[in-house]
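I opened this notebook to record which covalent and charged side-chain links I could look up in the coordinates.

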Amino acid sequence: MKHSMRRAFGAAAGLLTIALLVPTSAAGAHTEVEAGGGTGPHPAGYETVAGLPGHTVYRPDTLPTDEKLPIVAWGNGACRADGTWFENILTEFASHGFLVIANGVPGGSGRTSSDMLIEAVDWAIDENSDPDSAFRGRIDTSEIAVMGQSCGGLETMEVADDPRIDTTVMWNSGLMSRLDKRTQLPRLHAPVAYFIGGPGDIAYENAADDWGRLPAGLPAFSGNLDVGHYGTYAEPNGGEFGRVGVNWLKWQLKGDTTARTEFVGPDCGMCSTDWDVLQKNLS
């Protein structure tokens, strides 16, 4: 388990139609922070594992014995293969009892692909039944989320039709091409959430257009916070994005009824905050 955890400076690059390049200011160095991160009951960190090359695994430092860890697969902004670029928010998720697997190795470079999200899910499922794995019997393989920021959200949508997936989450992301909107959105079968950075977010219009094209009857939530495309990922524990992300995962993958109140109904918890909220088919 790696305990020299590093705090990401900046967040992912914009959704650019060509190349999805990373601006220099967003690709800054990491600084050292204390191990045992996150605000949840399970201080968490990250590691790399031989059986899953090209990924970074976020997990509680000590695996809990009284609960199993749902699976969360994450795609980075700019489809960048740096598994610690979003360390703050991913550590926060893991500290609340989730096994979070990010595309890319710590501090890595290059590009990722949507196939890597499915590789992460497949690996976690296999680990749960491997008698030689520390994760044997510790993973809830029936509860799976895929999510990603910016270009990582586009990767997420490419695999969201996998029947094993229980929720899809788009962070500062929305489909760009009309072909993708026609072919990918109708295949969504599980609750979807969009967490966007308001009108100043380069993904704002794409996400709003997605919202109007979602399949009838699909449970969906949209929250816009006026923080722009880089969100609050660089803040401790992922800031406000970390808070709402934890609650969405707790509700969708753990059935947490308190977390549910953040999203459901006209008096939802987020409804009375700076978030602009839209809801469909939530109960």
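Cys-79 sits in the loop between strand 5 (69–75) and helix 1 (87–95), whereas Cys-151 belongs to helix 3 (residues 151–159), so that the pair links distant parts of the chain, 72 residues apart. For these elements I used DSSP runs numbered from the N terminus, with helices as H or I runs of at least four residues and strands as E runs of at least two. The torsion about the S-S bond of Cys-79 and Cys-151 is about -80 degrees, and the disulfide is therefore left-handed. Both Cys-79 and Cys-151 are buried, by a scale on which buried means under 20% relative accessible area, exposed over 50%, and partly exposed in between (1.4 Å probe, protein chains only).

Entry on the basis of the values. I note that this is a predicted model, in which local features need pLDDT of at least 70 and side-chain atom pairs count only at pLDDT 80 or more, while totals for chains, interfaces and linings use all residues. Residues are numbered from 1 along each chain as its sequence is written, and side-chain values use heavy atoms, with hydrogens and water left out.

Entry on the other cysteine pair. My search of the whole structure gave two disulfides, and I next looked up the one that joins Cys-268 to Cys-271, with an S to S distance of 2.0 Å. The link of Cys-268 and Cys-271 is right-handed, with 95 degrees about the S-S bond. Cys-268 is buried at a relative accessible area of 1%, whereas Cys-271 counts as partly exposed at 30%. When I number the bonded cysteines of the protein chain in sequence order, the pairing reads 1-2, 3-4.

Entry on the charged pairs. I took as a salt bridge a side-chain nitrogen of Lys or Arg within 4 Å of a carboxyl oxygen of Asp or Glu, and by this rule the count comes to 11 salt bridges. One of them is formed by Asp-209 with Lys-181, the closest N and O atoms being 3.1 Å apart. Asp-209 lies in helix 5 (residues 204–213) and Lys-181 in helix 4 (residues 178–183), 28 residues apart. Asp-209 is partly exposed at 29% relative accessible area, while Lys-181 is buried at 6%.

Entry on Arg-243. Which side chains does Arg-243 meet in salt bridges? I found Glu-240 at 2.8 Å, N to O, and Glu-262 at 3.0 Å, N to O. Arg-243 lies in helix 6 and Glu-262 in the loop between helix 7 (257–260) and strand 11 (276–280), so this pair ties together parts that are 19 residues apart in sequence. Arg-243 and Glu-240 are separated by about one helical turn, because they are three residues apart in helix 6 (residues 239–254). Arg-243 is partly exposed at 30% relative accessible area, Glu-240 is partly exposed at 23%, and Glu-262 counts as buried at 15%.

How values were computed:
Disulfide = S-S within 2.5 Å.
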